[in-house]
Amino acid sequence: MKNLSTILFSVLLLLFVVGLSSSFQIGNRSIPPIGKFFSPSHGFWQNAKLLNKESDIPNELNLLAPATVKYDNRLVPHIFAQNERDLFYLQGYITAKHRLWQMDLSTRSAAGRISEVLGEFALDLDKRSRKMGLNWAAENAVEGWSKDPEVLSNLEAYRDGINDYTTKLSPKDYPIEFKLLNYAPEEWSLYKSALILKAMARTLCGNGPDSRFSNTLDHLGRADFDQLFPEFNPKQSPIIPENTSWDYIDKKEIVNEPIAPSLSIGYEDHSGFQDNRMLMGSNNWAVAPQKTADASTILAGDPHLELTLPSIWFEMQLNAPGINSYGVSIAGMQAIIIGFNDHIAWSVTNVGHDVMDWYEMKWTDETKSAYYFNGQSQEVEYRIESYMVPGKGIVSDTIRYSVWGPIWEAEEDGDPDLALRWLPHDIPDPMEIKTFELLNKAKDFDEYRKAISNYISPAQNFAFASKNGDIGLTVSGRLPLRNDQQGRFVQAGDDYKNEWQDIIPFEHNPFVQNPERGFISSANQHSTAPDYPYYYTAGGYFEAFRGRRVNDLLETSEDITVEDMKALQNDSYSIKAEEALPVMLAGIDLETLEPSEKEIISTLLSWDYQYEGHLKAPILFELWFNGFYFETWDEFSKLEKPVLRPETWRTIELMEQSPDSKWFDKADTEPIENLSDIIVSSFQNMIKEYQNIASDKETYTWQSHRNTRIMHMGRLPAFSRMQIETDGSRNTLNAVTSTTGPSWRMIVEFDETAVNALGVYPGGQSGNPASPYYDNMIDTWAAGEYFELNFLKDANQISDAILKTNELD
């Protein structure tokens, strides 16, 4: 819980310099009036008064039949309804009650409407969202869903629940952020639910490195490019076990003809692409009864995302005829997204296949009103985007659309304009919206497969475990059927042959059921070994270390328990450090070192590659390796256009196998350097950098260096949590970084008589920063501990964890 005086003081410092009753502009930021904020009858004080009503649900709701809502000691709602309509209506109502401002901001971000409340400061972000076509994609989603009104019934009930809460909400009871920013909640719609999905798609499949790959290929030439950017790591341990038979796939359906990249050079990067050292990670796995201590089936999952307050997840139980599910939902969408029921459990990680392609436009003339496609002239479609910006009024922007999708016009004269083909833009099958509803009801592997066959995007690795002992994993989502190399580079936009051949049939997506090894797992690595019949490439990079670590540990483990699963989710061992550090240490001549330098080497020599928060060895290694990495690839840093640097695993492979490679020679020096030279140079630079940042070397540890923090979605420090003490790093299973990490840890065990589940996420159920339930789970999460999940059989079950029961007529 945030101390009230701390919050008020922080907000005073932020706002008191402006007037009390009017909005102001400071630079390009819109500053709201604070008189309303401090008003005793309408301001912050009213939010504090609501704290004793957080578990109250009024009886005057639009229900078809009586229902029950129980709240437990972590403010988790357990909803018991007599029909699905009331169940999802109550889910929407309760989610809005606790997360209304989060829902509003999330949809504004996707729709490109943040500048309406934050001012011109956010206008460029809004324009980028609309250029990416997120609002267009959401409109298309609603169009697709609406083709089958019956499919929409539960989502409409969810919408109605949100709106019944919002319309009865007095301004004095608005969430504090609405008061700070001086605006009111809007009516919820199916379009806004679609925006929630498209925002997630932007996060998980919105990377398209085509421009950078093309620029890099042009810079290096084909031979050097292929040497530095192989598509498969020979040490990789793929999601679907190697030697899996693909005999069920008719290879004659595939046309594998290489696609030549477009011939232009100097592409701008419009995707906001992040390099391989910046990617988030997720893990899931399940173990079969033959590998567990008591012959139970165990599933574990921890999707890793940007950590925010409020959290992306909202924990709850849903119970109605045919449904009894528990887990986490996304504020703005119905059903449980990751969780379990009486029969099965499921969790997801991101697949990472490329579903975003860029095409170079060939204009008919300089007006850019028409372009060539398939030998003919085709007119562009114009979409006028308007932004209501405080202090500026209406700002308009025109976006051209092609057959591929929205066109991103180059910022520099002479650079090519690129059109975006992105799978989440497509009009979906209406059954997409039923995926998680059906998964909540599923009782076995066949019903799990049927549920996820409807799923479209962003593609996910759905891990599965069941009470009857089955385990499985499916790479699920629509995946383009491509020619070899297609989509890796920018393609010519005037040739229809560069379109995807089709979508890979769901039945041909990689999957595994009850593998002989007794476990399944995924950690964002390659889906398959290279012998999978369909070509795919990454929308960025496939993870090179975590998948190997989890598979190694599960392969060698027997008599597995829930305690072992906890340890695995919190594992902070780094294969990256295990492989790179010995090579680096071997390049240092101890006889040439000063005593203080020898002490650093001694610290690294004694390190066990665990990224534990209290250690300083991880700092030394990360500073050293990052310096080594950039010195090795120095020739890429001086290029004008955005390019890619080789992946970390490929860099380590060169260190191990090719110490005299030309790539270790610095581009701007006369002598010809080798691996040892770069090791020594980066070691000396690491020492200087460490001395500069570690003023107190006794107290400066890995956790203080990494500085994990969970920011409020509005970036208000008073509503955030700073300097969280945790273990882990980006390339460990416990993939905690400064701003990302495990967003929901869950472990589910099916034994002969019951479902036993543990879970935790770094936040709290309430969106009210003054609530004791706002961030009450962060310390438990940071310590690697869990809560028992109170999975009730029915509304009549007695539990000491239940603190409030609402009987609704």
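This is a predicted model: local features need pLDDT of at least 70, side-chain atom pairs count only at pLDDT 80 or more; totals for chains, interfaces and linings use all residues.
Contact here means heavy atoms within 4.5 Å. The chain has 22 helices and 33 strands. Its radius of gyration is 27 Å, close to the 28 Å that the globule rule gives for 809 residues, so the chain is as compact as a globular protein of that length.

**The whole chain**

- The C-alpha trace spans about 80 × 70 × 65 Å along its principal axes.
- Of the 809 residues, 61% count as buried.
- Take the contacts between residues at least 6 apart in sequence: 72% of them join residues at least 24 apart.

**Helix α10**

- Helix α10 covers residues 210-220.
- Buried means under 20% relative accessible area. By that cut-off, 9 of the 11 residues of α10 are buried, so the helix is largely enclosed by the rest of the structure.
- The buried residues are Asp-210, Ser-211, Arg-212, Phe-213, Ser-214, Asn-215, Thr-216, Leu-217 and Leu-220.
- What covers them includes the helix α11 (222-228). The cover also includes β13 (356-360) and β19 (418-422).
- Gly-221 follows α10, and its phi is positive, near 85°.

**Helix α5**

- Helix α5 runs over residues 123-131. Its buried residues are Leu-123, Asp-126, Ser-129 and Arg-130.
- These residues cover an arc of only 120° around the axis, which puts them on the same side of α5.
- The face turned away from that buried side carries Asp-124 and Leu-125, which are exposed.
- Several elements cover the buried residues of α5. Among the helices are α3 (84-111), α4 (115-118), α6 (134-145) and α9 (190-205). The strands β16 (381-389) and β17 (393-401) are included too.
- Just after α5 comes Gly-133, with a positive phi of about 80°.

**Asn-140 in helix α6**

- Asn-140 is found in helix α6, one of the elements that cover the buried residues of α5.
- Is Asn-140 buried or exposed? With a relative accessible area of 9%, Asn-140 is buried.
- Set aside its neighbours within four places in sequence. Asn-140 is then in contact with His-425, Asp-426, Ile-427 and Pro-428.

**Cavities**

- Rolling a probe the size of a water molecule over the atoms shows where empty space is left.
- The count comes to 5 cavities of 30 Å³ or more.
- How much space lies in the largest cavity? About 90 Å³.

**Pro-582 in helix α16**

- Pro-582 is found in helix α16, which covers residues 575-586.
- Its relative accessibility is 37%, so Pro-582 counts as partly exposed.
- Which residues does Pro-582 contact, leaving aside its neighbours within four places in sequence? They are Ala-577 and Tyr-609.
- Pro-582 and Glu-656 are 74 residues apart along the chain. Their C-alpha atoms are separated by 9.7 Å.

Note on methods:
Residues are numbered from 1 along each chain as its sequence is written. Side-chain values use heavy atoms; hydrogens and water are left out. Buried means under 20% relative accessible area, exposed over 50%, partly exposed in between (1.4 Å probe, protein chains only). Helices (H or I, at least four residues) and strands (E, at least two) are DSSP runs, numbered from the N terminus. The arc is that of the directions from the helix axis to the C-beta atoms. On a 1 Å grid over the protein atoms alone, a cavity is a set of points where a 1.4 Å probe fits but cannot get out, and a pocket is an open set with protein on both sides within 12 Å along at least five of seven lines; lining residues have an atom within 4 Å of a point. Grid points are joined across faces, edges and corners, and a volume is the space filled by probe spheres set on the points. The radius of gyration is taken over C-alpha atoms; the globule rule is 2.2 Å times the number of residues to the power 0.38.
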